[in-house]
Amino acid sequence: QVQLVESGGGLVQPGGSLRLSCAASGSIGSINVMGWYRQAPGKQRELVAAITPGGSTSYADSVKGRFTISRDNAKNTVYLQMNSLKPEDSAVFYCNAQVRERFQAQYFEHWGQGTLVTVSS
C-alpha cells in the first residue's frame with residue numbers, strides 16, 4: 001500500500017508564508033507527476049501546482065509568482081512553498097501523486113488526507 005502524508009498547514013496572516021510537505025511511503029516502485037490541489041468550502045477541487053520527476057512545473061494562474069512547487073525524489077516528497085498568501089488562498093490542500101507500486105506495471109493516483117490552510121488576520 002501507498003500512503004501520502006501531508007504537513008505544514010495552519011493559520012497565517014495575509015501576506016505571510018507557509019510551506020507544505022507531502023511524503024509518500026509504502027511499496028513504491030516509482031513516482032511520476034506529483035501535485036497539490038486545493039478545495040475551498042463550496043468550491044470544486046482545483047489543481048494548484050504540479051511537478052514531473054525531472055522538475056518541470058506548472059501552476060494555476062492564481063498562484064503564479066507566489067507559490068513554488070519542488071520535490072525530493074530520493075525522499076519521495078513534494079513541497080509547496082506559499083508566499084504572499086491571500087484570504088482567498090484559504091482551503092484544504094491535498095497532495096496527489098501518480099505512483100507505480102513495486103512489481104506492478106501501472107501507475108495509479110493516490111491522495112493525501114488534506115491539510116487546512118487558513119489565511120486571516
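Figure 1. The model is predicted: local features need pLDDT of at least 70 and side-chain atom pairs pLDDT 80 or more, whereas totals for chains, interfaces and linings use all residues. Residues are numbered from 1 along each chain as its sequence is written, and side-chain values use heavy atoms, with hydrogens and water left out. The loop that holds Arg66 runs between β6 (57-59) and β7; strands (E, at least two residues) and helices (H or I, at least four) are DSSP runs numbered from the N terminus. A polar atom of the Arg66 side chain lies 2.8 Å from the backbone oxygen of Ser62. Not counting residues up to four places away in sequence, Arg66 touches Gln81, Met82, Asn83, Ser84, Leu85, Lys86 and Asp89 (contact means heavy atoms within 4.5 Å).

**Figure 2. Ser84 has a positive phi in the loop between β8 and β9**. Ser84 is among the residues that Arg66 touches. The phi of Ser84 is near 50°, a positive value in a residue other than glycine. With a relative accessibility of 40%, Ser84 counts as partly exposed.

**Figure 3. β1, β3, β8 and β7 form an open antiparallel sheet in that order**. Two strands pair if DSSP finds at least two bridges between them. β1 and β7 stand at the edges with a single partner strand each, so one side of each has no neighbour in the sheet. Direction ignored, neighbouring strands are turned by 15° against each other on average (axes are lines fitted to C-alpha atoms, for helices over the stretch in contact, and angles run from 0 to 180 degrees between N-to-C directions). Six bridges join β3 and β8 in the antiparallel sense. Across this pairing, Leu18 stands opposite Met82 in β8, and Arg19 stands opposite Gln81 in β8. Five of the six residues of β8 are buried, so β8 is largely enclosed by the rest of the structure.

**Figure 4. β7 and β8 form a hairpin with four residues between the strands**. The two strands run antiparallel and are joined by six bridges. Arg71 has Val78 as its bridge partner in β8. Asn76 lies in the loop between β7 and β8. The phi of Asn76 is near 55°, a positive value in a residue other than glycine. At 23% relative accessibility, Asn76 counts as partly exposed.

**Figure 5. The largest nonpolar core holds 30 residues**. A nonpolar core is a set of buried Ala, Val, Leu, Ile, Met, Phe, Trp, Tyr and Cys residues joined through side-chain atoms within 4.5 Å. Trp36, Val48, Phe67, Val78, Leu80, Met82 and Phe93 touch the most other members. Two or more residues each come from β1 (2-7), β3 (18-26), β4 (28-39), β5 (46-51), β7 (67-72), β8 (77-82), β9 (91-101) and β11 (115-119). β9 gives the largest share, five residues. Leaving aside neighbours within four places in sequence, Val48 is in contact with Trp36, Tyr37, Arg38, Ser58, Tyr59, Ala60, Val63, Phe67, Leu80 and Phe93. In soluble globular proteins, nonpolar side chains tend to be buried together.

**Figure 6. A disulfide joins Cys22 to Cys95**. The distance from S to S is 2.1 Å, and a disulfide is a pair of cysteine sulfur atoms within 2.5 Å. The torsion about the S-S bond is about -80°, so the disulfide is left-handed. Both Cys22 and Cys95 are buried.

**Figure 7. His110 is a buried residue of strand β10**. Strand β10 covers residues 108-111. The relative accessible area of His110 is 16%, which places His110 among the buried residues. Not counting residues up to four places away in sequence, His110 touches Val2, Leu4, Cys95, Asn96, Ala97, Val99 and Glu101. One of these, Cys95, is joined to Cys22 by the disulfide.

Conventions
Buried means under 20% relative accessible area, exposed over 50%, partly exposed in between (1.4 Å probe, protein chains only). A polar contact is a pair of N or O atoms within 3.5 Å; within protein, one must be able to donate a hydrogen and the other to accept it, and residues adjacent in sequence count only if both atoms are side-chain atoms.
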